[in-house]
Amino acid sequence: MVKFLVEMLEPYRGRVYDPCCGSSGMFVQSVEFIRAHASGNGGKAKADISICGQEYYTTWRLAKMNLAIRGIEGQIAHGDTFHDDKFPDLPDLKADFILANPPFNVSDWGGERLRDDKRWQYGVPPVGNANFAWVQHIIHHLAPAGVAGFVLANGSMSSNQSGEGEIRKNIIAGTYHAWRGEKEAGEYQDVPGFCKSATLEEIRKHGHVLTPGRYVGAERQEDDDEPFEEKMKRLTATLAEQFAESARLEKEIWANLRSIGYHVEKGGLE
């Protein structure tokens, strides 16, 4: 299951987060995926990802050890994710990828003390079951263009107890239900940069590559009504100013280096 999630999300670069990382299996698999798909260097290219996770009890030590023995750097925080979130707000953590396998149907997660928590954007999760607390915690930490893959108990997709059905209804999923043709969800439409209903023929033309960006495209940008010639003059003037600033900073940096005895022509310190 871990390998499947990693293969689906393809976390090549960016910040990868797991709020209940266990022994760091998701992180290890992510790095192994990158190494296995790396071009050149015999598949030994360095993973261009930063790893953040949180775990509780003695499993936290196992998580750190599992990364250490594989030479993987990562920030693994210790504490209860719900009650002692180590990455609460920007700029601390908004993840490009979130992979998680939360514990199923936890009833003693202390939900009664978190009734007004800002993470519950789509509805307050039931005190007796943490499944949708995990879901909303994950969404809270996801970057605007981020992608999440996580495992839940089978019943989570159909349960209507204690408002869980209403939470599912309120999460970022209406477009999917519209695509399925469900009457209550309204009519589906392709939206550039957000969603695209691709045909099998289109997928064949792309060699069965399922990367969403190939089909979804880019969001339409509103025309700012600025004439092209004027815009180019403005942009090139800004670029010239930035080049000049860059040159000034370069000179200043070399001057500072020479002041501490470093001479570039001699390639070192004196």
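The dialogue below goes from the sheet to the helices and then to one residue.

Modeller: Please keep in mind that this is a predicted model.

Biologist: In what order do the five strands form the sheet?

Modeller: To read a sheet, we follow the pairing from strand to strand, and here the order is β3-β2-β1-β4-β5 in an open sheet with parallel pairing.

Biologist: How many bridges join β2 and β3?

Modeller: Strand β2, which covers residues 48-55, pairs with β3 over four bridges in the parallel sense, and Glu55 has His78 in β3 as its bridge partner.

Biologist: Which strands does helix α1 touch?

Modeller: For a helix we ask what it packs on and at what angle: α1 (residues 2-9) packs on the sheet, where it touches β4 (95-100) and β5, and its direction makes about 160° with that of β4. Helix α4 (residues 131-140) lies across β1 (13-18), β4 and β5, and runs at about 145° to β5.

Biologist: Where does Tyr12 lie, and why is Tyr12 called partly exposed?

Modeller: Tyr12 lies in the loop between α1 and β1. Its relative accessible area is 32%, which falls between the cut-offs of 20% and 50%, and therefore Tyr12 counts as partly exposed. Leaving aside residues up to four places away in sequence, Tyr12 touches several residues, among them Phe33, His37 and Phe97. Its C-alpha atom is separated by 8.5 Å from that of Val31, 19 residues apart along the chain.

Notes. Residues are numbered from 1 along each chain as its sequence is written. This is a predicted model: local features need pLDDT of at least 70, side-chain atom pairs count only at pLDDT 80 or more; totals for chains, interfaces and linings use all residues. Side-chain values use heavy atoms; hydrogens and water are left out. Two strands pair if DSSP finds at least two bridges between them. Helices (H or I, at least four residues) and strands (E, at least two) are DSSP runs, numbered from the N terminus. Contact means heavy atoms within 4.5 Å. Axes are lines fitted to C-alpha atoms, for helices over the stretch in contact, and angles run from 0 to 180 degrees between N-to-C directions. Buried means under 20% relative accessible area, exposed over 50%, partly exposed in between (1.4 Å probe, protein chains only).
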